[in-house]
Amino acid sequence: MTEDKFLIGSATAGGQVEGNNTNSDIWTQEYMKTGGYKEPSLNAADHYHTYRDDIRLMHEAGLNAYRFSFEWSRIEPEKGVFDEAEMNHYLDMVHACREYGIEPVITLHHFASPKWLISEGGWEADTTPAYFAGYAEYVAEHLKGENIRYIVTINEANMGTLIAGYLEKIMKHTEGAGLQIGLDLEKMAEQQKLAKKENLEVFGVEEAAVFTSPRTPHGDAIVCEAHKKAAEVLHRILPDTKVGLSLSVRDLQYTEGGKESADKDWEKDFLHYLPAIQDDDFFAIQTYTRAVFSAEGELDPAPGAPVTQMGYEYYPECTEHVIRRVHESFKGDLLITENGIATDDDTVRVKYIETALNGVLKCRDEGLPVKGYMYWSFIDNWEWQSGYSMQFGLVSLDRENQIHTPKPSLSFLGSFCRNRM
Ligand code: BGC
């Protein structure tokens, strides 16, 4: 295992790039009247078939790591029924990475779950941690001997809780800006009322507790339990693999009178998860922007401040700041598993990467245990409820002809590997 190599790469999630994840809850919701999706993912970037060529592009640009997800709904399409061919598909992705000198960083769950899990109560049900651990066990048994360095159990474990908080603010007609994901929260609030009937028809339950549903404190405890159970299994079967959890964390700042609100959000977004991650080997940071609080609460970006396609502030310094803050209370390894910008101007992306990655390398050079940086995302992709409207990619996507064309930012990211390692 190449323990010391600093990782520089890009990240994707199966549901956003593979195409045709027909057994997932999200795929199901894409076709529901109350699902809230702008457009369906269809064959996405067809990464399910193009992964070898895509990984070759990463290699040619000079990257040395790739974070991608295994899709639970492909591997366990029905409860307790595992699909060996789909598992082999993901093993082949690992092997393709090895052939090209790319370190695979695996995520076991990235927002999408099998449809059957939702019929069983989804991410609010007491049975879910054991189901998740069962899936983790099947995967781990197949990863024996593959020398996997890092596995992220759950992507942005706090997302449902964050969404619940923002929805509450919207219901109270206050500001809802700043969430680091392409979800339309106003629409979600409206749809919730109509959803029960359709959920019953489609999932057999009135409340479809998918991973990005507004989460209750009970659901939050379920997610933490799922992580802990899966981590135990992974440590037992793959003792040399480092296991960690990912959270969505913004760089929380304040002006006069705003410290209390900023501290409250840090507690909710990060500190509150410390008991669940205390035995982990690493923590996966996902950060895109900052939030500034005043005595009146969260401020909008200042007039004239640059904003990204996502509507939040352009603020690449967040990576360095969040690394420092997380390290105050978590002493294991740190990986930036997501950081990036949605923009149609690739020169802005290059600038963003340069600032973000220089901040990360500064932390590393000072001796902080930061071990890698994965830009989100490898390719322009399906940004959940925002559909194909966001351009996060280092590679552009011609969906009609499935042509994947590297942008200058891809080789710019690779140049850090060549020149700065
Ligand atoms: C998620 C990704 C998403 C990205 C950009 C993160 O919240 O993990 O799936 O595409 O942010 O919005």
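Author: A pocket is an open set of points on a 1 Å grid over the protein atoms alone, with protein on both sides within 12 Å along at least five of seven lines. Points are joined across faces, edges and corners, and the volume is the space filled by probe spheres set on them. The model is predicted, with local features needing pLDDT of at least 70 and side-chain atom pairs pLDDT 80 or more, while totals for chains, interfaces and linings use all residues. Residues are numbered from 1 along each chain as its sequence is written, and side-chain values use heavy atoms, without hydrogens and water.

Reader: Which helix gives the most to the lining of the largest pocket?

Author: Lining residues have an atom within 4 Å of a point, and the largest pocket is lined by 26 residues. Gln192, Glu207, Ala208, Ser213 and Pro214 lie nearest its centre. Helices are DSSP runs (H or I, at least four residues), as strands are (E, at least two), numbered from the N terminus. With six residues, the one that gives the most is helix H9 (residues 185-203).

Reader: What volume does the second largest cavity have?

Author: A cavity is a set of points where a 1.4 Å probe fits but cannot get out. Three cavities of 30 Å³ or more are counted in this model. For the second largest cavity, the volume is about 80 Å³.

Reader: Which helix gives the most to the lining of that second largest cavity?

Author: The second largest cavity is lined by 15 residues, and closest to its centre are Gly15, Asn21, Ser24, Glu30 and Ser41. Helix H1 (14-17) and helix H2 (25-30) each supply at least two residues of this lining. The most, three residues, comes from H2.

Reader: How many residues of strand S2 are buried?

Author: Buried means under 20% relative accessible area, with exposed over 50% and partly exposed in between (1.4 Å probe, protein chains only). Ala65, Arg67 and Ser69 point one way from S2, Tyr66 and Phe68 the other way, and all are buried. For strand S2 (residues 65-69), the count is five of five.

Reader: Which residue in S3 is the bridge partner of Tyr66?

Author: Two strands pair if DSSP finds at least two bridges between them. S2 and strand S3 (residues 103-109) pair in the parallel sense over five bridges. In S3, the partner of Tyr66 is Pro104.
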